[in-house]
Amino acid sequence: YHVYPRGVNRQCIFVDQRDRIFFLRSLVRACRSGDLGVVAYALMSNHVHLVLLRGQYELGLGMKSLLGRYAQYFNRRHERSGHLFQQRYGASLCDTDAYLVHLIRYVHANPVRAGIAATPADYPYSSYRWYARGRWPRWAASEFVASSFGTDRALRRFFTATDCDADRREVDAHAERAGAPRPDRRVLSQRDAGPRLVASDAGEAPHLRALQEAIEGARGLEPGALCGRRSTRE
């Protein structure tokens with residue numbers, strides 16, 4: 001399965017390295033308990049990409065345990081409450097080896113598409129190094145990958161020759177055929193992640209519209225200038 005949980009309201013789910021390490025430890029725990037099997041992953045800022053094998057239980061049970069454990073940690077550490085993830089994570093079934101190649105390369109190329117890494121190898125929070133180096137942690141689903149693609153040399157050839165555009169087209173096309181939402185739909189890049197106030201928000205919320213008018217009046221700006229398309233120094 002390609003699984004992609006997202007932060008509620010597009011907010012960041014990782015603040016720093018400590019958060020990412022805790023998420024990975026929770027993922028390892030889920031694998032060792034038999035809940036999930038990890039083929040590939042990439043941790044972004046407001047979403048995660050996971051290529052998973054279903055464990056001895058239903059996929060939903062493993063994901064509920066993983067995301068619930070992390071959400072409790074995140075809320076406790078950052079002194080917040082409420083939901084951290086969207087109510088339902090995205091998921092689509094990977095049903096062929098050919099699609100699996102595109103999917104894993106797509107996941108590893110996410111930091112490149114987001115503009116936070118020049119190459120997949122430059123990003124430390126993904127499984128790319130497993131394929132590039134041929135070294136797998138014990139908790140990863142290495143036997144499944146080896147049975148699908150053969151030798152370490154074949155693996156490196158498959159997964160290091162990334163064609164970002166082709167991989168993305170294949171993943172999007174597969175999602176459309178399966179009737180699932182596109183993995184990148186409404187997901188911001190790491191540089192853009194977090195709450196944003198845009199013109200449409202101000203138009204929909206009366207208290208924000210009143211605040212906008214008050215600021216514009218206090219600064220001597222034209223009505224609507226605060227949410228205009230062109231920025232000014234004022």
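Q: Which residue forms a salt bridge with D19?
A: This is a predicted model. In it, D19 forms a salt bridge with R77, and their closest N and O atoms are 2.6 Å apart.

Q: Is D19 buried or exposed?
A: D19 is buried, because its relative accessible area is 0% and the cut-off for buried is under 20%.

Q: What about R77, how accessible is that one?
A: R77 has a relative accessibility of 27%, so R77 counts as partly exposed.

Q: How many salt bridges does a search of the whole structure find?
A: The search finds two. Besides the pair already described, D16 forms a salt bridge with R77, with 2.8 Å between the closest N and O atoms. This pair also links distant parts of the chain, as D16 sits in the loop between β1 (2-4) and α1, while R77 is in helix α2, 61 residues apart.

Q: And how accessible is D16?
A: D16 is partly exposed, with a relative accessible area of 25%.

Q: Which residues are linked in a network of salt bridges, then?
A: The network links D16, D19 and R77.

Q: Turning to the helices, how do α1 and α2 cross?
A: Helix α1 covers residues 17-32 and helix α2 covers residues 59-77; their axes come within 9 Å and cross at roughly 155°. The crossing is right-handed.

Q: Why are they called roughly antiparallel?
A: Angles over 145 degrees count as roughly antiparallel. The axes of α1 and α2 cross at roughly 155°, and the two helices are therefore roughly antiparallel to each other.

Q: New topic: which residues make the nonpolar surface patch?
A: L211, I215 and L226 make this patch, which has an area of about 240 Å². L211 is found in helix α10, residues 206-219. With 46% relative accessibility, L211 counts as partly exposed.

Q: One more, where is D97?
A: D97 is in helix α3, which covers residues 97-108. D97 is partly exposed, with a relative accessible area of 42%.

Q: How far apart are D97 and V145?
A: In sequence they are separated by 48 residues, and in space D97 and V145 are 9.7 Å apart, C-alpha to C-alpha.

Definitions and conventions: Residues numbered from 1 in each chain as written. Predicted model: local features only at pLDDT ≥ 70, side-chain atom pairs only at ≥ 80, totals over all residues. Heavy atoms only, no water. Patch = residues over 30% accessible without salt bridge, like charges linked within 9 Å, V, L, I, M, F, W, Y side chains within 5 Å. Areas by Shrake-Rupley, 256 points an atom, 1.4 Å probe, with all protein chains shown as cover. Salt bridge = Lys/Arg side-chain N within 4 Å of Asp/Glu carboxyl O. Helix = DSSP H or I, 4+ residues; strand = E, 2+ residues; numbered from the N terminus. Buried < 20%, exposed > 50% of the residue type's maximum accessible area, 1.4 Å probe, protein only. Axes fitted to C-alpha atoms, helices over the stretch in contact; angles between N-to-C directions. Parallel < 35°, antiparallel > 145°, perpendicular 65-115°, else oblique. Left-handed = near helix turned anticlockwise from the far one by under 90°.
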